[in-house]
Amino acid sequence: MIEDFQKNGFTKVFKVNFDDELTGLQKLIYNVTKNQLIEHNTDISLEEKINLKFKEIPKENFFSDLMNSINTSSELKNVLNSKGILNSFKLIFNNPEPFDISTFRARIPNQKRTIYKWHQDEGTWHLSKNPSHINKFPATLWLSINGTFESDGIQLVRYSHKEKLHNHSFVKGQGYFNIKNKKEINEDKIFNVVTKPSEAVMFHPLTLHRSVPSTSINFRPRYTIDIRYFDKEFKPKFNVDLLFQIKRKLKNLF
Ligand SMILES: O=C(O)CCC(=O)C(=O)O
Ligand SMILES: [Fe+2]
């Protein structure tokens with residue numbers, strides 16, 4: 001695991017061993033979404049339930065209500081603080097500690113805010129004024145709740161964690177989530193993450209990645225959590241794009 005993380009910038013896809021924390025979260029997701037789903041027999045398994053298609057494009061406020069109810073739930077906290085997650089981070093860190101930003105993401109029909117362009121996670125908080133986000137260098141464990149396919153997962157660029165921190169631009173409704181120069185993406189080095197429920201991949205804070213863009217409206221939801229832990233001893237050295245350095249200096253002046 002740690003060899004892959006250090007060499008490629010991300011680990012292999014692996015299974016996280018939960019007790020019942022993930023099941024608790026899956027139940028909550030089903031309860032919050034069930035009225036939006038195609039008609040179904042309630043005898044089916046929980047895994048099938050959270051893979052059912054939506055019957056139509058949900059109303060705009062459904063997405064924010066869903067994000068709020070899951071992101072503030074004790075079910076999500078139980079997953080974030082579970083032994084399964086801690087033990088996964090122990091495969092790459094000696095003393096993993098939880099980072100402030102870990103987010104549940106729902107890729108539901110026609111919701112564009114969940115589709116992220118090429119970015120490095122370090123770029124998304126590099127300009128933050130919150131001291132608890134700066135110089136922590138968390139790794140991300142991208143956890144699948146209901147499975148992902150080539151068409152709706154994420155893509156990671158092998159070896160990109162050895163590059164500089166690129167200049168990121170601001171995307172409305174998201175944050176600093178878009179690198180300026182698309183020429184930086186080496187197409188031959190792209191790895192498509194495909195997972196079963198409860199499988200995950202861990203990646204480095206400098207690894208370039210994006211959501212697989214959607215080509216048509218997908219009525220199957222895709223639920224994931226990006227979970228972040230850091231280690232005080234893990235301080236990667238890297239160069240920062242000159243313009244991005246200037247943006248950081250200016251930001252600190254105001
Ligand atoms: O889930 C996605 O599509 C994007 C996730 C992401 O950028 C992250 O986990 O850092
Ligand atoms: Fe990201």
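**View 1. Tyr159 in the loop between strands S5 and S6 of the predicted model.**

**View 2. Asn110 in the loop between strand S3 and helix H7.** Strand S3 comprises residues 103-107 and helix H7 residues 121-125. Phi of Asn110 is near 65°, again a positive value in a residue other than glycine. Most residues other than glycine have a negative phi. Asn110 is partly exposed, with 14 other C-beta atoms within 10 Å.

**View 3. The shell around ligand 1.** Ligand 1 is surrounded by Arg105, Tyr116, Asp121, Thr140, Trp142, Ile154, His209, Ser211, Thr224 and Asp226. Two or more of these residues come from each of strand S4 (139-144), strand S10 (209-211) and strand S11. By class, the shell has three nonpolar, four polar and three charged residues.

**View 4. The largest nonpolar core.** This core has 40 residues, and those with the most contacts inside it are Leu141, Trp142, Leu143, Ala200, Val201 and Met202. Its largest share, five residues, is supplied by strand S11 (residues 222-230). Leu143 touches Val16, Ala200, Thr224, Ile225 and Ile227, leaving aside residues up to four places away in sequence.

**View 5. Helix H8, residues 242-253.** At 1.5 Å a residue, the twelve residues of H8 should span 16 Å, which agrees with the 17 Å between its end C-alpha atoms. Helix H8 is hardly covered: one of its twelve residues is buried.

Key:
Residues numbered from 1 in each chain as written. Chains lettered and ligands numbered in written order. Predicted model: local features only at pLDDT ≥ 70, side-chain atom pairs only at ≥ 80, totals over all residues. Core = buried A, V, L, I, M, F, W, Y, C linked by C-beta atoms within 7 Å. Buried ≥ 20, exposed ≤ 12 C-beta atoms within 10 Å, placed from the backbone. Helix = DSSP H or I, 4+ residues; strand = E, 2+ residues; numbered from the N terminus. Contact = placed C-beta atoms within 7 Å. Expected span 1.5 Å × (residues − 1). Near = placed C-beta within 6 Å. Nonpolar A, V, L, I, M, F, W, Y, C, P; charged D, E, K, R; others polar.
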